[in-house]
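User: Can you walk me through the pockets in this protein? Keep it simple, please.

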Amino acid sequence: MPTYRLDIEYDGSAFHGWQTQPGLTTVQATIEAALAVALRCPTPIVGSGRTDAGVHARGQVAHFVSAAPVDSHRLQGSLNGLLPAGIAILNVEAAPEGFHARYGATRRLYHYHVATQPRALDQSTRVFLRPPPVFERMNEAARHLIGQHDFNTFCRTKSDTQNRVCTIDRAVWLREEREGDWRFEIAANRFLHGMVRAIVGTLLDIGRGKRTVDSVPDLLAAKDRRAAGPAAPARGLVLHYVTYPGSGPADER
């Protein structure tokens, strides 16, 4: 049976995260409901990973298996006509044999958007920081995240994930074009539940002088979520893209 890849963008503000949950509006369940109408049969999808309630995506990837070939272009149009404004299907295409949106992903990149000045239009996607942190301190601390580590300290305590080792290859704060706007870019082979928000919250503590710049190695060694800072608000976090073998991210193709 043919497998199809979906590239998805969504504003997570109105959703209780990606993963289907009984009685709650989620991105996965909303897309599956639209697929069921478009394909005239129940069609489960598998995403590259979960995003928490309120977290957004520019480049989420999912796949589904169809009993028969479908017209990708027509299906994309049908889905976008059925879905609410907060979800957009950017692309539908036949996937290579064996493609799996979750287990086949090799790299995931998240952006966390902040501002040191009040914003009126970006409140659902950017967090206002007051007092502003020292970004140079946070960048110095973020260097300690690079490499393969056990990230248990930055994993949600109720997570059922047993393997908490991840490899981070990018962790940097970047100044954006508009004065006062910054984003944190972090890329890894995998992420744990709540990991990025816990890292951002901890780095903000460092940027405000509540922790030392060289405290990250001790935090990693502690393997205790209570040792790290509070989770940063969900609304600033965006799953930017997911990479697979043999192809770049959706926005680079």
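**Pockets and cysteines**

Analyst: Strand E2 (46–47), strand E5 (107–115), helix H4 (195–207) and strand E10 (237–243) each give at least two residues to the lining of the largest pocket. Helices (H or I, at least four residues) and strands (E, at least two) are DSSP runs, numbered from the N terminus. This is a predicted model: local features need pLDDT of at least 70, side-chain atom pairs count only at pLDDT 80 or more, and totals for chains, interfaces and linings use all residues. Residues are numbered from 1 along each chain as its sequence is written, and side-chain values use heavy atoms, without hydrogens and water.

User: Which residues are closest to the centre of the largest pocket?

Analyst: Gly-49, Arg-50, Thr-51, Phe-191 and His-193, out of 38 lining residues.

User: What about the second largest pocket, which residues lie nearest its centre?

Analyst: Tyr-10, His-56, Arg-58, Thr-125 and Val-238, with 15 lining residues in total. E3 supplies the largest share, 3 residues.

User: New topic. How many disulfides are there?

Analyst: The count is 0. A disulfide is a pair of cysteine sulfur atoms within 2.5 Å. For Cys-155, the nearest cysteine sulfur is that of Cys-166, 8.3 Å away.

User: Is Cys-155 buried or exposed?

Analyst: Buried, because its relative accessibility is 1%. Buried means under 20% relative accessible area, exposed over 50%, partly exposed in between (1.4 Å probe, protein chains only). Cys-41 is partly exposed, at 33%.

User: And where is Thr-3?

Analyst: Thr-3 sits in strand E1 (residues 3–10). Thr-3 is buried too, at 16%.

Note on methods. 1 Å grid on protein atoms, 1.4 Å probe; cavity = no way out; pocket = protein on both sides within 12 Å on 5 of 7 lines; lining within 4 Å.
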